[in-house]
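Please read them with the coordinates open.

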Amino acid sequence: MSKPAKTHKIKMMEEQLAKKLNRQVVGSLVGCVHCGMCNDCCHYVLSHPDDPKMTPSYKADQVRKLFKANHDWTGSVFPWWVGADKVPLTDDDLDQLKDIAFGTCTNCRRCTINCPMGVDTATLNRIMRGLLTNVGVMPEGVRVVSKDQWELGNQMGVLKEDYIDTLEWMSEELEEDLGHGEAAIPIDKAGAKIMYAINPREVKYDPRTIKEAALIFWAAGEDWTMPTEGWDNTNFGLFSGDDGLGGASAKREYDKARELGVDKIVISECGHGYRSTRHEGVNWSGDAEPFPMESSVMTMLRYIKEGKIVVDPTKNSQRATFHDSCNNARSCGFYEEPRELLRLVTTDFQEMYPNRAEGFCCTGGGGAMSMSEYTPRRLKSGEIKANQIRETGAEIVVTSCHNCVDGLGDLIKHYELGCEVKQLVDLVANALVLEECAVMKGRPATAPVPEAPVPTAEVEAAAVPAVAVEAPLSGRKILVVDDEEDIRTFLVTVFEDAGAEVMEASDGDECIEKAKVFRPDLISLDLSMPGKSGVDAFVELRKTAETEEIPVCVVTGHPEFRQVIYDRPVPPPEGYLNKPVDEDKLVSYVAHIVDAKDEKAN
Amino acid sequence: MHESSSLLQTAEVVHWAALIIMAVVYSLRLRWLFNFKPGADKSAPGAPGRTDKKRGANYSLFNVAMPWSMESTRKGFAFYLTFVIFHLGVVAGITLAFLSTITPNFVANPVFARICGSTLVLAFLVAIYRVFRRLFTPVMKLISTPDDYFSLFMLTAWFGLGAVTQAHLAGVQGFESVNILVAYLFLTSFFLVYVPFSKISHYLYYPFTRIWIGRALGHRGSYPIVRG
């Protein structure tokens with residue numbers, strides 16, 4: 001039986017592969033001796049011991065076969081001898097390759113540092129991803145996120161007005177906390193010393209970290225700004241293998257920094273964002289002169305060492321452990337500074353083992369968060385990390401990476417670890433002794449000392465009644481949808497205490513019926529429900545004329561929600577909150593969503 | 001060179017010719033590799049105080065002699081030992097082949113014979129273990145190609161024949177036939193010609209791949225690996 005002819009996509013992949021070859025890549029392609037030493041270093045292998053296809057060598061062989069068939073002597077003449085005969089020929093073969101390249105590897109590089117030959121297997125997997133992306137074969141989440149980063153300049157599709165609105169919202173919150181507007185976030189300030197670039201996840205789902213960073217910059221007396229363009233430090237080109245997207249995304253940041261005339265780009269805590277902006281983006285974009293850049297971790301550490309901010313570690317007394325982001329530790333050698341900072345702001349730090357460049361992946365990286373179809377496999381592969389955390393007895397897991405925040409959050413829920421995830425910015429802000437910081441120096445002794453905001457749930461709960469003039473959700477109608485009665489009762493009580501009129505629904509069908517009748521100002525939607533799931537209900541809400549404009553805030557404890565954020569069959573939800581929900585964060589967040597909708601309508 | 005038989009003389013000539021062919025093909029291989037453009041990292045060095053491309057390269061190049069430096073060799077120390085024995089066997093076998101044609105009296109020396117012979121016997125046993133591993137471990141079966149199998153089978157046979165050849169050269173009773181040495185030289189010749197076209201040529205690339213990854217990760221500050 002004759003072999004099928006190569007499809008056009010395969011031919012394009014072969015052409016593209018030729019353009020990606022350099023000495024280092026070729027060295028990795030020819031250097032593998034199939035010794036299997038990488039096998040026991042991979043978290044996918046260790047958690048799927050009965051599946052030999054998880055081995056890193058097998059994954060790298062997918063691109064190696066293509067190389068050998070087209071560029072290697074023996075492979076060109078005797079392809080069957082070196083396994084180059086089993087190359088993809090049809091588009092069905094490409095679907096299998098997609099599953100291997102995107103679904104069985106987070107490109108964490110643990111295999112690379114454990115290879116006796118120095119083969120960079122993770123880079124080879126990224127090359128395969130790039131070849132597939134180039135011919136349009138990729139998970140739907142990757143497609144959507146890449147499109148948004150190309151078109152809107154950020155990977156979560158945040159519109160410029162929503163981004164600026166979020167910064168202004170955080171500035172308002174700081175003003176409420178401090179009693180003055182000195183700490184307001186400067187936007188597009190020309191000539192500032194620092195341009196702060198963030199992860200769009202902070203805008204969309206966790207703006208508190210923006211507020212905390214702003215507080216720290218203000219306390220240190222820093223001359224800083226956040227830009228209206230090029231503000232996204234993340235880079236989906238790293239995950240998709242698309243060097244073009246990688247270069248374009250990084251260039252946006254560098255160009256904006258030059259336009260504003262800042263001295264330095266400070267990158268918020270994001271593993272792949274740091275690696276892409278600080279290192280890979282320079283190479284992808286062909287930037288002749290790398291712009292000075294540093295992680296916000298180094299910035300905060302420097303502030304403490306220089307005495308610009310003073311911290312009290314006793315304010316963070318819970319046992320903490322530190323998870324090294326793969327991109328930070330293995331690809332950037334960035335692992336001592338976070339520890340140094342952590343030791344300054346906590347009193348009980350327990351290492352997990354192994355750590356630093358030998359740390360295990362949390363399975364949140366490599367774009368895994370955007371590929372909901374691989375969630376069960378990803379969670380299983382994270383068992384090793386879960387066991388590491390459990391052994392430390394830590395109450396908080398600290399990390400300097402937003403993908404790791406999500407990845408670890410999923411593992412904590414899935415494996416019931418009973419701890420929470422924080423970033424260093426959270427701990428530094430919490431530990432600030434504001435009256436001793438640089439911004440307070442030189443103030444007259446009679447000047448009032450602004451109260452330092454302590455962004456913990458308990459203190460925020462105590463502060464809110466003193467600040468709020470009227471119930472924040474007064475006059476609003478909210479529909480609470482959750483199959484668990486206790487959670488529904490809790491949410492209803494919280495919203496009613498905040499002044500809202502509340503209706504309840506316990507499943508997806510009831511949600512849609514009541515949404516049509518009640519026409520709420522917002523729907524608080526759980527995703528994991530029996531019968532019609534929250535995801536299906538959400539899609540139907542968006543596709544129904546009477547309900548498509550109703551803002552939705554997803555309140556869930558399961559990772560399935562990422563499907564609606566990344567795959568985006570319909571416009572994504574306006575908000576997302578992780579269970580268990582903080583009362584005050586919920587009210588504040590929901591109030592912001594409905595107020596923002598009113599402003600747009602006006 | 002030996003004068004005892006014309007077949008042996010032919011084997012010796014073929015052996016040296018094979019070496020020259022191997023050297024020529026290896027030169028062409030290196031030229032092919034270096035025809036590809038070099039990758040470069042234009043980003044600023046990674047970790048202040050820890051960033052050093054040269055130190056990273058040295059660490060990477062010599063980590064083969066530091067089994068504690070990689071988790072894979074640390075945790076798989078027994079396998080690492082088999083790796084050492086296997087490759088010492090290769091050194092012993094090549095040394096035996098060349099010295100047998102240049103200084104046959106030296107290879108007959110009892111001390112040399114014991115060291116070389118023992119190494120080849122141990123390497124043979126390790127090779128047998130590796131054959132079973134490659135044939136019966138699911139992961140190894142999945143990733144192995146005909147080249148992987150053939151290279152291993154050939155080396156296993158070569159180690160075994162090398163041990164027998166050493167016994168012959170040392171004058172051990174029962175191994176008197178000169179055809180043992182002839183067979184060994186012909187097999188070594190085949191090995192020398194085959195290697196540049198097979199996975200065994202990995203040792204040609206080894207210094208380059210190690211230096212390149214070492215420089216890359218040294219520049220970023222990830223190498224040398226620090227354990228906490």
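1. The model is predicted, and the points below should be read with that in mind. I begin with the largest cavity and who lines it. Helix 4 of chain A provides the largest share of that lining, at 3 residues. The elements that each supply at least two residues are helix 2 (23–31) and helix 4 (56–71) of chain A, together with helix 8 (146–169) of chain B.

2. The structure as a whole holds 10 cavities of 30 Å³ or more. Of the 19 residues that line the largest one, those nearest its centre are Val30(A), Lys68(A) and Asp72(A) from chain A, and Ser198(B) and Lys199(B) from chain B. By class, the lining comprises 7 nonpolar, 5 polar and 7 charged residues.

3. Next, the interface. Chain A brings 64 residues to the contact and chain B brings 59. About 5300 Å² is buried between the two chains, and carbon and sulfur atoms account for 58% of that area. On the side of chain A, the residues that lose the most area to chain B are Arg23(A), Trp73(A) and Trp81(A); together they make up 16% of what that side buries.

4. Polar contact across the interface of chain A and chain B involves 33 residue pairs, counting those in which both residues have pLDDT of 80 or more. Which elements of chain A give two or more residues to the side that touches chain B? They are helix 2, helix 4, helix 5 (73–77), helix 7 (110–113), helix 15 (271–285), helix 17 (326–332) and helix 18 (336–345). Helix 2 gives the largest share, 7 residues. The side of chain A that touches chain B divides into 26 nonpolar, 21 polar and 17 charged residues.

5. On salt bridges, the count between chain A and chain B is 5, while the count over all chains is 48. One that joins the chains pairs the side chain of Arg74(B) with that of Glu358(A), at 2.9 Å from N to O. Within chain A, Asp61(A) forms a salt bridge with Arg64(A), with the closest N and O atoms 2.7 Å apart. These two residues both belong to helix 4 of chain A and are separated by 3 residues, about one turn of the helix.

6. How many helices and strands does the secondary structure of chain B have? There are 10 helices and 0 strands, so listed from the N terminus on, the elements run α-α-α-α-α-α-α-α-α-α. Taken along the principal axes, the C-alpha atoms of chain B fill a box of roughly 65 × 35 × 35 Å.

7. In chain A, the bond from Tyr353(A) to Pro354(A) is cis, with omega near -5 degrees. Pro354(A) sits in the loop between helix 18 and helix 19 (375–381) of that chain. In chain B, the bond from Tyr223(B) to Pro224(B) is cis, with omega near -5 degrees. Pro224(B) is found in the segment after helix 10 (202–220) of chain B.

8. Where in chain A is His34(A) placed? His34(A) is in the loop between helix 2 and helix 3 (43–47).

Key
Residues numbered from 1 in each chain as written. Chains lettered and ligands numbered in written order. Predicted model: local features only at pLDDT ≥ 70, side-chain atom pairs only at ≥ 80, totals over all residues. Heavy atoms only, no water. 1 Å grid on protein atoms, 1.4 Å probe; cavity = no way out; pocket = protein on both sides within 12 Å on 5 of 7 lines; lining within 4 Å. Points joined across faces, edges and corners; volume = space filled by probe spheres on them. Helix = DSSP H or I, 4+ residues; strand = E, 2+ residues; numbered from the N terminus. Nonpolar A, V, L, I, M, F, W, Y, C, P; charged D, E, K, R; others polar. Contact = heavy atoms within 4.5 Å. Buried area = accessible area lost by both parts, 1.4 Å probe. Salt bridge = Lys/Arg side-chain N within 4 Å of Asp/Glu carboxyl O. Polar contact = N/O pair within 3.5 Å; in protein donor to acceptor, adjacent residues only side chain to side chain.
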